[in-house]
Amino acid sequence: MQLIKSLFCLQGFDNRIRFILINAGCFLAFIIFNESVHNYALVSIITLLLLSALSFAATQRRLNDAQLDKNWLLAPAGSFLLTGLIIIFTDRGASYWLLSVPLLLALLLLTYASKKQKY
């Protein structure tokens with residue numbers, strides 16, 4: 001329970017490694033679940049919404065860690081949600097390359113160093 005609580009927390013801090021691991025895990029989980037339930041669009045949409053919420057929370061924590069403006073908040077998670085919906089409602093196998101857009105936006109957030117104090 002503590003792991004799930006820490007993944008959906010909006011007030012903590014995520015360093016670079018944890019942020020990219022969470023986002024990469026979201027992308028991979030979406031691909032796996034989408035392929036396994038490809039006949040059920042509703043299940044794919046619910047999975048996408050949960051994974052987008054997880055990406056949103058990780059982005060919030062990464063912005064807290066780098067002390068960046070909140071303008072970046074919807075870039076990785078919003079593009080992941082939009083790309084996921086495009087993948088669900090189009091030919092699924094041929095459009096997974098579109099996930100490179102939210103991945104590149106997430107990688108862009110990795111360029112900012114942590115500004116929180118280490119004790």
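Start by selecting helix α2 (residues 16–36) and helix α4 (residues 74–89), which pack at an angle of about 20° with their axes 12 Å apart. This is a predicted model: local features need pLDDT of at least 70, side-chain atom pairs count only at pLDDT 80 or more, and totals for chains, interfaces and linings use all residues. Residues are numbered from 1 along each chain as its sequence is written, and side-chain values use heavy atoms, leaving out hydrogens and water.

Helices here are DSSP runs (H or I, at least four residues), numbered from the N terminus. Axes are lines fitted to C-alpha atoms over the stretch in contact, and angles run from 0 to 180 degrees between N-to-C directions.

How do α2 and α4 lie relative to each other? They are roughly parallel (angles under 35 degrees).

Now show the side chains between them. C26, F27, F30 and N34 in α2 meet F80, G84, I87 and I88 in α4 (contact means heavy atoms within 4.5 Å). The residues of this contact divide into 6 nonpolar, 2 polar and no charged. Ala, Val, Leu, Ile, Met, Phe, Trp, Tyr, Cys and Pro count as nonpolar, Asp, Glu, Lys and Arg as charged, and the others, Gly among them, as polar.

Next, select R62 and D65. Both lie in helix α3 (residues 41–66), 3 residues apart, about one turn of the helix. The structure holds 1 salt bridge.

Note on methods. Salt bridge = Lys/Arg side-chain N within 4 Å of Asp/Glu carboxyl O. Helix = DSSP H or I, 4+ residues; strand = E, 2+ residues; numbered from the N terminus. Parallel < 35°, antiparallel > 145°, perpendicular 65-115°, else oblique.
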